Amino acid sequence: MKITIGIDNNKTIVVLPYVTTEMLTISYGDSPNENKDAVKYSQIKVMGAEPLAKVSISSVFPNGRQEYMEPDAYEDPMQYVRLFRNSRKNRKTMRIVITRNDGTEVFNRLCALETFEISGVNKNGDYSYSMEFEQYRLVY
């Protein structure tokens with residue numbers, strides 16, 4: 001899988017170095033549909049709006065070039081850490097584009113970074129991380 005993230009209307013574009021399907025979860029949320037009482041039919045279903053989608057990723061930012069990494073990925077894990085922390089601090093939206101290895105698009109939505117956690121740094125300097133994005137809807 002390839003995950004490309006465009007930050008602040010694609011002013012900055014980054015590719016995550018390594019994500020497999022086991023490291024990724026896409027959730028389209030619970031339906032906000034409701035059952036309402038009605039005189040004639042006893043109950044009816046009222047369809048709600050589409051809930052916000054969520055993307056969760058748990059992977060690693062490798063220290064240095066590795067053979068399994070995406071070619072456009074950063075080699076310094078701190079570049080990712082600074083980028084995501086600053087983007088979140090400055091309230092920048094991010095477009096998450098997830099594609100399969102054959103180029104088929106799986107997900108493409110504007111999102112906000114909800115959580116970003118570094119869970120450890122190994123002896124090679126690789127950073128284990130997890131982050132969660134939630135869909136951001138522009139309201140006019």
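This briefing covers the sheet, the core, the aromatic pairs and a few single residues of the structure above.

The model is predicted: local features need pLDDT of at least 70, side-chain atom pairs count only at pLDDT 80 or more, and totals for chains, interfaces and linings use all residues. Residues are numbered from 1 along each chain as its sequence is written, and side-chain values use heavy atoms, with hydrogens and water left out. Helices (H or I, at least four residues) and strands (E, at least two) are DSSP runs, numbered from the N terminus.

- Seven strands form an open sheet in the order 2-1-7-8-9-6-3, and the pairing is antiparallel; two strands pair if DSSP finds at least two bridges between them.
- Strand 2 (12-15) and strand 3 are the edge strands, each pairing on one side only.
- From one strand to the next, the twist averages 30 degrees; axes are lines fitted to C-alpha atoms, for helices over the stretch in contact, and angles run from 0 to 180 degrees between N-to-C directions.
- Strand 8 and strand 9 (residues 127-135) run antiparallel and are joined by nine bridges.
- Ala 112 stands opposite Glu 134 in strand 9.
- Helix 1 packs on the sheet and touches strand 1 (2-7), strand 2, strand 6, strand 7 (94-99), strand 8 and strand 9, where contact means heavy atoms within 4.5 Å.
- The direction of helix 1 makes about 115 degrees with that of strand 8.

**Nonpolar core**

- The largest nonpolar core has 29 residues; such a core is a set of buried Ala, Val, Leu, Ile, Met, Phe, Trp, Tyr and Cys residues joined through side-chain atoms within 4.5 Å.
- Buried means under 20% relative accessible area, exposed over 50%, and partly exposed in between (1.4 Å probe, protein chains only).
- Ile 5, Leu 16, Phe 84 and Phe 133 have the most contacts inside this core.
- At least two core residues come from each of strand 1, strand 6, helix 1, strand 7, strand 8 and strand 9.
- Not counting residues up to four places away in sequence, Phe 133 touches residues including Ile 5, Ile 57, Phe 84, Ile 96 and Leu 113.

**Aromatic pairs**

- There are seven aromatic pairs in the structure; rings of Phe, Tyr and Trp (its six-membered ring) pair if their centres lie within 6.5 Å, and planes under 30 degrees apart count as stacked, over 60 as edge-to-face and the rest as tilted.
- Tyr 28 and Phe 107 make a tilted pair, because their ring centres are 6.4 Å apart and their planes stand at 45 degrees.
- This pair ties together parts 79 residues apart in sequence, because Tyr 28 lies in the loop between strand 3 (24-27) and strand 4 (34-38) and Phe 107 in strand 8 (residues 105-121).
- Tyr 28 is partly exposed at a relative accessible area of 39%, while Phe 107 is buried at 2%.
- Tyr 80 and Phe 84 are stacked, at 6.5 Å centre to centre and 15 degrees between the planes.
- Tyr 80 and Phe 84 are four residues apart in helix 1 (residues 77-89), so about one helical turn separates them; both are buried.
- Ring pairs join Phe 61, Tyr 74, Tyr 80, Phe 84, Phe 116 and Tyr 129 into a cluster.

**Loop residues**

- Ala 73 sits in the loop between strand 6 (54-61) and helix 1 and is buried, with a relative accessible area of 7%.
- Leaving out residues up to four places away in sequence, Ala 73 touches Val 15, Leu 16, Pro 17, Arg 65 and Tyr 80.
- Asp 8 lies in the loop between strand 1 and strand 2 and has a positive phi of about 55 degrees although it is not a glycine.
- Asn 10 is in the loop between strand 1 and strand 2, and its phi is positive at about 65 degrees although it is not a glycine.
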